[in-house]
Amino acid sequence: MKRLIYILPLLLAIVLQSCQNDGHIGDIFGTWRVESYTRDGAEMEFGPTTFSFQNNIVDCVLLIDDYGTSWNRFGTWKREGNDFELNFTHSDNGTSQGSGIYEAPGWLGMTSAEVMRMTVSLKGDKMSWTWHDPAGALCIYRLHKTW
C-alpha cells in the first residue's frame, strides 16, 4: 500500500503532462472569436469567424450558415512578446502559394501575398491585433477567447 502512495502521484503527473498536444504555447492556445474588425477606424462587415491556435498552426473558420457549412483557412503563426505574425503564404503539392485552404481570410482583409506582421495585445480572454495592410490602412482586430 505504501508503494501505491508514491506511484499514484507520479502516474498522475505523467498523464497531466501529456494532455496538451504539441506542448504549451501559452495564453493564445485555444479558439478565439473575432468580435470586431476596423479599417482606418471604419467598422468592417464580416461573417462569424474564429481562429484556433495549436502549436504553430492556426485554423481560421468562417461559419457560412446555420447548418455548419464553413470555410477553413490554415496558416502558421509566431509570437515574440508583442510581435505577432500570421502566415497564409503556404502551399500544398499541386497548389499555388496562398491558395485554397492556405489562402488568407479575405473576408477580414488579410493577405496571402506576404507574412502579416502585427502587434498583439493580450489581457485574459481578450486579444487585439493591430496591422497595416499592404495599402497602408490601419486594421484592428478584437478577439474573445471561447475556450
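Among contacts between residues at least 6 apart in sequence, 45% join residues at least 24 apart. The model behind this figure is a predicted one. Its secondary structure amounts to one helix and nine strands, and reading along the sequence gives the order α-β-β-β-β-β-β-β-β-β. The chain has 147 residues, and 33% of them count as buried. Its accessible surface is about 9200 Å², with carbon and sulfur atoms supplying 54% of that area.

Next come the aromatic side chains. A search of the whole structure turns up 12 aromatic pairs. One of them is Tyr37 with Tyr141, a stacked pair with ring centres 4.9 Å apart and planes 10 degrees from each other. Tyr37 belongs to strand E1 (residues 30-39) and Tyr141 to strand E9 (residues 138-145), so this pair ties together parts of the chain that lie 104 residues apart in sequence. Both Tyr37 and Tyr141 are buried.

Phe53 and Trp129 make another pair, and here the geometry is edge-to-face, because the planes stand at 85 degrees, with 6.4 Å between the ring centres. This pair, too, links distant parts of the chain: Phe53 sits in strand E3 (residues 49-54) and Trp129 in strand E8 (residues 126-132), 76 residues apart. As for burial, Phe53 and Trp129 are both buried.

Away from the strands themselves, Thr111 is worth a look. Thr111 lies in the loop that runs between strand E6 (83-87) and strand E7 (116-123). Although it is a loop residue, Thr111 counts as buried, because its relative accessible area is 13% and the cut-off for buried is under 20%. Setting aside neighbours within four places in sequence, Thr111 is in contact with Phe88, Ala104, Met116, Trp131 and Pro134.

Cys60 has a relative accessibility of 0% and so counts as buried. Cys139 is likewise buried, again with a relative accessible area of 0%. A disulfide calls for two cysteine sulfur atoms within 2.5 Å, and by this rule the count for the model is zero.

Definitions and conventions: Residues numbered from 1 in each chain as written. Predicted model: local features only at pLDDT ≥ 70, side-chain atom pairs only at ≥ 80, totals over all residues. Heavy atoms only, no water. Buried < 20%, exposed > 50% of the residue type's maximum accessible area, 1.4 Å probe, protein only. Helix = DSSP H or I, 4+ residues; strand = E, 2+ residues; numbered from the N terminus. Contact = heavy atoms within 4.5 Å. Phe/Tyr/Trp six-rings, centres within 6.5 Å; stacked < 30°, edge-to-face > 60°. Areas by Shrake-Rupley, 256 points an atom, 1.4 Å probe, with all protein chains shown as cover.
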